[in-house]
Protein chains: 4
Amino acid sequence: MNFCSDNATGASPAVMESLTRANEGHTMPYGEDPLTARVESKIRSLFDTDAEVFLVSTGTASNSLALSVMTPPYGAIFCHPEAHIEVDECGAPEFFTGGAKLIHVDGENGLCTAAGFDAAWNHLGKSVHQVQPGAISLTQTSEAGTIYTLDTIRTIADAAHERGLHVHMDGARFANAIATLNCSPADMSWKAGVDVLSFGASKNGCFAAEAVVFFNRDLATTFEFHRKRGGHLFSKMRFISAQLDAYLDNDLWLDNARHANAMAKRLADGLSGVSGAAFRFTVDANLMFMELPEPVLDGLETDGFQFYRMADSKGKFIRLVTAFNTDPDDIENFIASALRHSGTA
Amino acid sequence: MNFCSDNATGASPAVMESLTRANEGHTMPYGEDPLTARVESKIRSLFDTDAEVFLVSTGTASNSLALSVMTPPYGAIFCHPEAHIEVDECGAPEFFTGGAKLIHVDGENGLCTAAGFDAAWNHLGKSVHQVQPGAISLTQTSEAGTIYTLDTIRTIADAAHERGLHVHMDGARFANAIATLNCSPADMSWKAGVDVLSFGASKNGCFAAEAVVFFNRDLATTFEFHRKRGGHLFSKMRFISAQLDAYLDNDLWLDNARHANAMAKRLADGLSGVSGAAFRFTVDANLMFMELPEPVLDGLETDGFQFYRMADSKGKFIRLVTAFNTDPDDIENFIASALRHSGTA
Amino acid sequence: MNFCSDNATGASPAVMESLTRANEGHTMPYGEDPLTARVESKIRSLFDTDAEVFLVSTGTASNSLALSVMTPPYGAIFCHPEAHIEVDECGAPEFFTGGAKLIHVDGENGLCTAAGFDAAWNHLGKSVHQVQPGAISLTQTSEAGTIYTLDTIRTIADAAHERGLHVHMDGARFANAIATLNCSPADMSWKAGVDVLSFGASKNGCFAAEAVVFFNRDLATTFEFHRKRGGHLFSKMRFISAQLDAYLDNDLWLDNARHANAMAKRLADGLSGVSGAAFRFTVDANLMFMELPEPVLDGLETDGFQFYRMADSKGKFIRLVTAFNTDPDDIENFIASALRHSGTA
Amino acid sequence: MNFCSDNATGASPAVMESLTRANEGHTMPYGEDPLTARVESKIRSLFDTDAEVFLVSTGTASNSLALSVMTPPYGAIFCHPEAHIEVDECGAPEFFTGGAKLIHVDGENGLCTAAGFDAAWNHLGKSVHQVQPGAISLTQTSEAGTIYTLDTIRTIADAAHERGLHVHMDGARFANAIATLNCSPADMSWKAGVDVLSFGASKNGCFAAEAVVFFNRDLATTFEFHRKRGGHLFSKMRFISAQLDAYLDNDLWLDNARHANAMAKRLADGLSGVSGAAFRFTVDANLMFMELPEPVLDGLETDGFQFYRMADSKGKFIRLVTAFNTDPDDIENFIASALRHSGTA
């Protein structure tokens with residue numbers, strides 16, 4: 001009954017079985033194996049385009065390595081002030097890019113807006129004294145659990161391209177956004193103007209597998225060297241590939257995300273009936289930030305539910321995250337517990 | 001019948017079973033799980049000292065991250081000209097240290113010597129214009145498949161410490177060296193003066209698991225930040241830990257290495273009977289570099305054996321590597337094939 | 001009649017004469033000369049403390065090199081959103097620190113406040129996933145031309161030290177602030193909690209001379225290596241030192257700043273009588289940001305006055321900067337021109 | 001009577017006078033002044049080609065910034081083991097390139113050879129695991145005081161270009177080589193295959209002025225950002241330009257070098273008559289490395305002559321450097337002193 005993070009889960013059974021199969025026999029190392037080639041091919045099919053694909057094992061590596069080829073070291077990376085690359089990677093983007101500067105693009109509900117990007121762009125000086133255009137990074141699903149419309153992505157991406165910036169998407173929860181928008185992966189990425197996607201899988205059924213997908217193939221030329229010298233080229237790559245091989249089969253990636261989203265929706269619906277409940281953002285995917293009365297929180301914890309307590313200038317709140325394997329009974333029990341402790345049951 | 005690399009193998013069955021067990025239930029992410037704590041404790045026991053332990057997933061990450069806290073960015077890292085950190089990591093040590101310079105320590109048979117270190121040290125200027133003392137890195141088992149005696153390690157480590165350098169050991173094949181020297185892990189590391197060890201497992205029965213072991217705990221203070229911003233802190237860390245948990249049980253790590261070494265010894269013995277065979281270095285562990293007549297090499301390949309062909313200023317040669325799961329029959333078949341094609345069978 | 005910048009000026013006559021004298025004879029290079037030693041000693045006397053002193057030649061080098069020893073590469077540097085290190089150095093602090101992140105401390109009138117620092121500090125997560133405490137940098141005189149009180153500096157410095165941060169002062173216009181506050185250099189630096197000061201001279205009578213002054217001597221240990229590998233250790237150092245030698249003699253530094261400030265005060269007073277004039281900030285030193293009606297601006301330019309036109313989300317404005325050698329007649333002429341073109345003369 | 005270094009000298013009188021003239025009036029900062037434009041134009045004329053020119057103030061900055069745009073961070077820079085960039089810049093090239101690796105190109109007499117480059121190139125692996133082709137850097141005049149023939153430069157440059165490397169020339173003593181070879185600056189640079197030249201002046205009559213000259217203009221595109229964030233864009237640039245303005249007038253640069261070379265030649269000729277004198281290298285320019293008997297060295301020092309004593313694996317030796325303003329009488333006195341103390345006078 002851990003609602004702290006989708007990172008607290010293990011992997012889908014099919015992923016584990018794939019791993020066991022991949023362990024058979026010898027293969028050439030460093031991604032020169034047929035399984036890795038197959039996964040790359042599957043990803044190209046999934047996105048319906050001839051992308052360059054590179055596998056890594058963590059989201060931080062995926063984002064930072066992607067950005068390392070999208071901006072010069074004296075470059076600017078525009079992102080939301082609460083983006084994972086800004087607040088949760090201990091400076092990894094700065095490290096991998098050789099010192100690029102992350103510049104805040106404001107926007108409500110955890111999402112950058114075109115107006116916010118305009119303002120940030122206009123505020124940035126345009127001489128040799130300032131950092132130069134590098135990239136903009138959009139997080140889909142955002143850290144707030146909210147989701148960009150395709151139109152917004154396209155509008156921002158167009159504005160970015162006009163200004164000489166590349167467009168990165170942090171898709172740690174890409175699948176959850178697809179599940180919500182019910183569009184194709186192509187629609188939400190290259191057709192909307194995304195140059196490079198960090199396609200996450202570790203949170204959604206794999207345990208250490210991410211793909212960096214270059215729709216703009218020109219940007220991919222030197223990626224392999226950045227990956228290698230970052231220590232992210234696996235000798236026994238097939239064990240990364242095996243995870244994604246199963247993840248991409250039979251729509252596992254999408255079914256997993258749909259389940260997680262459905263659990264979140266049910267949880268949010270149920271909790272909205274608790275007196276004093278207030279949501280910080282819309283609940284578009286598999287995570288939510290909300291306020292609940294202290295006695296309710298204490299009661300939930302007493303009943304064995306785990307979640308992160310947080311606080312900001314507006315006050316205290318909690319984060320609840322569902323996952324691909326969240327038990328529906330746990331959701332119902334959580335809601336019941338909250339209602340009971342709020343005295344409204 | 002792949003003798004290219006110990007990287008061409010999969011993982012030990014016990015490691016895969018451990019992984020499956022680790023997949024059960026929820027745990028806290030980022031190494032805050034009990035399995036990771038258990039592995040850290042096992043490593044402390046194995047080395048019989050209260051070391052600080054950090055898990056990563058690749059050898060390059062292990063070496064580079066270790067070095068990143070052992071030298072300033074304007075520092076010197078002394079190593080053999082054929083060290084993995086010098087020739088096979090695409091500049092990862094330079095990247096992680098922020099620009100340290102690797103300085104060659106010469107020595108025959110793939111091993112640094114104390115005299116070689118003296119010469120390199122004396123050649124380095126000692127003013128503000130030169131890079132400053134950082135670390136020396138010894139590879140045990142070396143890239144040449146040779147092994148340092150404990151005395152040599154101690155002598156070099158003492159000389160390094162006197163000069164203000166820290167001592168790193170690249171132990172990608174640490175287990176193979178222990179199997180040969182038949183000493184304790186403590187004897188070959190901190191008791192011989194090693195400050196930080198990159199304890200490899202990925203080549204010897206795991207698939208993506210390495211431990212950075214700090215015997216000099218002062219050096220460990222900031223390591224976690226370097227690991228995180230390098231993208232090497234795994235959210236679902238238990239899947240790294242699970243590999244090492246099995247690896248360290250029942251002497252699996254040592255049995256695996258002993259097997260690989262025995263296979264190499266039998267292979268070397270058998271091939272020494274081939275007319276025209278010449279070994280570049282002594283065969284101390286599980287890999288060898290040797291010359292064989294071209295017709296023998298062609299014949300071996302025709303018979304389905306895979307290995308790397310190489311060349312240097314002294315001429316052509318091949319590399320042969322055995323592994324924890326090398327089939328003894330493959331060894332005998334290899335020898336027989338070589339003898340047959342050399343016309344000496 | 002150039003009011004664009006104090007960078008548009010040359011050097012004080014005494015500085016040029018000192019340079020000519022320094023050109024005599026041979027001296028040892030790289031700062032091992034008696035003139036450099038004398039300047040270091042003069043700076044210690046000026047600040048009435050046994051500081052470590054290093055000379056460099058640009059403000060960007062001074063700030064960035066100072067910060068490079070005050071924060072780890074995964075560190076946070078707190079500063080005002082309009083600080084020179086944030087908006088005018090093309091990412092130099094990120095470069096020299098190896099990727100530190102600059103975090104905004106809000107505050108009106110171009111100045112960080114203690115409350116702004118509290119908010120920024122509290123917003124920064126405190127786990128391995130976030131950048132770690134490095135430094136706070138205060139600009140005195142600020143980029144807005146405003147000046148911190150000694151109390152504010154001390155309050156912020158105390159809060160920074162309590163949290164494990166070092167305190168940097170960007171003193172590109174340090175002299176102008178001293179001229180205004182009429183306190184001692186010690187009062188405005190180490191006695192107020194400053195660990196490292198970038199003591200500027202290039203804008204105020206020298207042409208390429210700055211001193212990095214370490215009141216916290218522990219931070220100075222490795223500075224010389226950072227300076228050298230940044231290409232900022234001059235072989236013929238005496239030509240940097242010679243500038244400062246004259247600058248520090250006979251209160252030239254202070255007289256120059258007093259003159260510049262007096263010119264700015266007279267200019268501000270005069271322009272406040274122009275219809276439509278509005279100042280963005282208080283005019284505490286030698287620069288001001290203000291709005292003037294377009295016809296006035298056009299008229300001033302027609303009359304041969306140069307200044308920067310700028311714009312932000314609040315509208316258009318100009319920057320006017322006076323210098324150590326601003327001609328009082330130019331000030332009167334500027335005021336008269338503005339009044340005439342505003343039709344109020 | 002200081003023969004330690006050409007860095008121990010001041011500046012030519014004409015350079016100082018130019019500086020004084022440059023101090024008049026206001027100009028726009030950061031190189032937007034007419035004097036800087038004039039110097040850039042003069043350098044284009046001197047090299048008889050439409051090069052991009054950037055001014056900096058130290059040799060280390062010039063070399064490192066040049067290399068920063070000639071190699072990726074995971075790149076290889078080939079150079080002689082005794083190159084200034086390798087042994088005397090405290091890792092500046094690694095810093096400015098973001099971690100490139102310097103690879104030794106052996107060669108007698110302080111000069112890289114084509115064969116040495118071939119060997120180094122062939123030894124470098126060509127896969128993702130190795131650093132990638134970046135640049136080769138030739139030092140003309142070399143650190144040994146020897147000089148490449150135009151043919152050798154061309155041969156090495158051609159080999160480098162064929163392999164995808166750019167060609168850098170460290171011309172800290174470029175003028176001295178021109179004086180010896182008696183060829184045009186174009187002949188010794190772009191016509192011989194040099195892409196980027198660090199054109200030194202600080203040692204030869206200026207005090208802090210160097211030009212980075214891009215014959216390959218494509219490489220210059222981003223240089224200004226590297227210069228700025230390295231802290232090497234001077235606000236009062238005219239004071240750098242003024243030095244070069246005079247340096248390039250009336251062949252001052254060449255006359256200065258000719259004088260220094262002539263002094264060195266006379267000194268070498270005179271010292272060759274000292275019993276026990278042995279030169280390490282040919283004396284092609286203005287510096288020499290030689291052995292002299294201890295009593296001679298002691299006697300010289302007693303007589304007030306300063307020089308660096310050094311030692312390597314072959315034994316002790318000294319370095320003697322002449323400069324643009326070396327007094328011929330000092331040369332004669334040095335020779336006489338040496339002869340006298342050797343008992344051969």
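This is a predicted model: local features need pLDDT of at least 70, side-chain atom pairs count only at pLDDT 80 or more; totals for chains, interfaces and linings use all residues.

Where chain C meets chain A, each side is represented in the contact, with 19 residues from chain C and 19 residues from chain A, and the area buried between them is about 1500 Å², of which carbon and sulfur atoms give 45%. Across this interface there are 4 salt bridges, including the one in which the side chains of C:Glu94 and A:Lys101 meet at 2.6 Å, N to O, and there are 14 residue pairs in polar contact. On the side of chain C that touches chain A, the elements giving two or more residues are α4 (84-87) and β3 (101-104) of chain C, with α4(C) giving the most, 3 residues; the residues of that side divide into 8 nonpolar, 5 polar and 6 charged.

Within chain A, the side chains of A:Arg154 and A:Asp151 form a salt bridge at 3.0 Å, N to O; the two lie 3 residues apart in helix α7 (residues 150-162), and so are separated by about one helical turn. A:Arg154 is partly exposed at 31% relative accessible area, whereas A:Asp151 is exposed at 52%. Also in chain A, A:Arg38, A:Lys42, A:Asp245 and A:Asp249 are linked in a network of salt bridges.

In chain B, by contrast, the salt bridge of B:Asp303 with B:Arg340, at 2.8 Å between the closest N and O atoms, links distant parts of the chain, since B:Asp303 lies in the loop between α12 (294-302) and β10 (308-312) and B:Arg340 in helix α13 (residues 328-341), 37 residues apart.

Key. Residues are numbered from 1 along each chain as its sequence is written. Chains are lettered from A and ligands numbered from 1 in the order in which they are written. Side-chain values use heavy atoms; hydrogens and water are left out. Contact means heavy atoms within 4.5 Å. Buried area is the accessible area (1.4 Å probe) that two parts lose on being put together, summed over both. A polar contact is a pair of N or O atoms within 3.5 Å; within protein, one must be able to donate a hydrogen and the other to accept it, and residues adjacent in sequence count only if both atoms are side-chain atoms. Helices (H or I, at least four residues) and strands (E, at least two) are DSSP runs, numbered from the N terminus. Ala, Val, Leu, Ile, Met, Phe, Trp, Tyr, Cys and Pro count as nonpolar, Asp, Glu, Lys and Arg as charged, and the others, Gly among them, as polar. Buried means under 20% relative accessible area, exposed over 50%, partly exposed in between (1.4 Å probe, protein chains only).
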